[in-house]
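Where do you start when a structure is new to you?

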Amino acid sequence: MGEEAERLVVVTGANKGIGFEIVRQLAKEGITVVLTARDATRGKEALESLKSQGLHTVNFHPLDVASQESVLALAEWLHKTYGGIDILVNNAGILNLDKDVTFETVKPVLDTNYFGVKNVTKALLPLLRDDTAGGAQVIVVASRFGQLKHLENKDYVKKLSDREHLTEDFVDSFVNHYLKDVVDGSQKGEGWPNWTDWVNSPYGRSVETYSVSKVAVIAYVSALHNTLVAQLGSGKKINVFSCTPGFVATDFNNNRGTKTVEEGADTPVWLALHSPKEGTGKFWDERKVVDF
Ligand SMILES: NC(=O)c1ccc[n+]([C@@H]2O[C@H](COP(=O)([O-])OP(=O)(O)OC[C@H]3O[C@@H](n4cnc5c(N)ncnc54)[C@H](OP(=O)(O)O)[C@@H]3O)[C@@H](O)[C@H]2O)c1
């Protein structure tokens, strides 16, 4: 177990699927893990399931990543209970299977997959301890749907590719531009991800919104890295990574995925255990840095 035994990891959206498996694999290493879930009953059931497997280093706290009140309550509880944390794994995410792309269907996806990640990270950053070997970490479970090859707007592709100059404000403006186009009904032709191949699939055009949200979190990780580098000296050493679990059989895709949850959790867990120095701010797949 070694030094990992003293680390504290917080995982969002961990009552099932990949998040639950990330908690399970880290707990098997003897690491203390806070399993969070938006529904307390489902979260406590998940906790009991892990305890029944002999994993006793897991604790539970409610967290709805889309609720600022819930995010602040978690931060306060972590501070009081543990003093600080070492690793945050932003895993919670949704895909709205409603085929319509309207403000009502898009907003919850952006609020969970992008603004939720940002708000949780912002609230927990002050609690991250950088005195562990390799520094503290923020890991974001993103998706291959967030790679820039899916985006048709060449201007955004150019600006978002320029990782070293990405800022959180720019990523916010990208997401808010998409939301505005949805409200105006003008998103077609604006170069947002083109998912015509998916329109007749069970996912419909909702994949377009999901893709925008995941492009945004991958870009956010680079922007956060830039902010943290700029603060080095006065700030903390925190490694930040985005990654994809691959296409994993979970409720998310009605179990259509081709990977098991064990395989899907592999890269985020590996990042948590190894915190590779070279790949901070970047997007990871199968334990390797890949193109955004
Ligand atoms: N499965 C794949 O093939 C795949 C591929 C690429 C990326 N991903 C990403 O992997 C992550 C996990 O997906 P999964 O496949 O494990 O999906 P899942 O089985 O549907 O699990 C998603 C988890 O997120 C939670 N969640 C949703 N909204 C939340 C909120 N507002 N606050 C807190 N928790 C919330 C869910 O809680 P409830 O049980 O309460 O709904 C659930 O625990 C997501 O970010 C997803 O985008 C998955």
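## Two loops with positive phi

Start with Asn-254. It sits in the loop between strand S6 (238-244) and helix H8 (261-264). Helices (H or I, at least four residues) and strands (E, at least two) are DSSP runs, numbered from the N terminus. Phi of Asn-254 is near 50°, a positive value in a residue other than glycine. Most residues other than glycine have a negative phi.

Now find Arg-287. Its loop runs between strand S7 (283-285) and strand S8 (288-290). Phi is positive here too, near 65°, and Arg-287 is not glycine.

## About the model

The model is predicted, so local features need pLDDT of at least 70 and side-chain atom pairs count only at pLDDT 80 or more, while totals for chains, interfaces and linings use all residues. Residues are numbered from 1 along each chain as its sequence is written, and side-chain values use heavy atoms, with hydrogens and water left out.

## The largest pocket

The largest pocket has a volume of about 1000 Å³. A pocket is an open set of points on a 1 Å grid over the protein atoms alone, with protein on both sides within 12 Å along at least five of seven lines. Grid points are joined across faces, edges and corners, and a volume is the space filled by probe spheres set on the points.

The pocket lining holds 38 residues; nearest the pocket centre lie Asn-91, Gly-93, Ile-94, Thr-250 and Phe-252. A lining residue has an atom within 4 Å of a point. Helix H1 (17-28), H4 and H7 each supply at least two residues of this lining. H1 gives the largest share, three residues. By type, the lining divides into 18 nonpolar, 13 polar and seven charged residues. Ala, Val, Leu, Ile, Met, Phe, Trp, Tyr, Cys and Pro count as nonpolar, Asp, Glu, Lys and Arg as charged, and the others, Gly among them, as polar.

## The ligand

Which space does the ligand take? The ligand takes the largest pocket. To sit there, more than half of its atoms must lie within 2 Å of the pocket's grid points. Around the ligand are 29 residues, with Asn-15, Arg-38, Asn-91, Tyr-210 and Thr-250 coming nearest.

Look next at the polar contacts (pairs of N or O atoms within 3.5 Å). A backbone N or O atom of Ile-18 lies 2.8 Å from an oxygen atom of the ligand. For Gly-13, a backbone N or O atom is 3.2 Å from a ligand oxygen. Asp-64 uses its side chain: an N or O atom there is 2.9 Å from a nitrogen atom of the ligand. The protein covers 94% of the 880 Å² of accessible area that the ligand has on its own. Such areas come from the Shrake-Rupley method with a 1.4 Å probe.

## The cavity

There is one cavity of 30 Å³ or more. In a cavity, a 1.4 Å probe fits but cannot get out. The largest cavity holds about 30 Å³ of space. Its lining includes Asn-96, Asp-98 and Thr-105. Helix H4 (103-124) supplies the largest share, three residues. The lining divides into two nonpolar, four polar and two charged residues.

Conventions. A residue is near a molecule or strand if one of its heavy atoms lies within 4 Å of it. A polar contact is a pair of N or O atoms within 3.5 Å; within protein, one must be able to donate a hydrogen and the other to accept it, and residues adjacent in sequence count only if both atoms are side-chain atoms.
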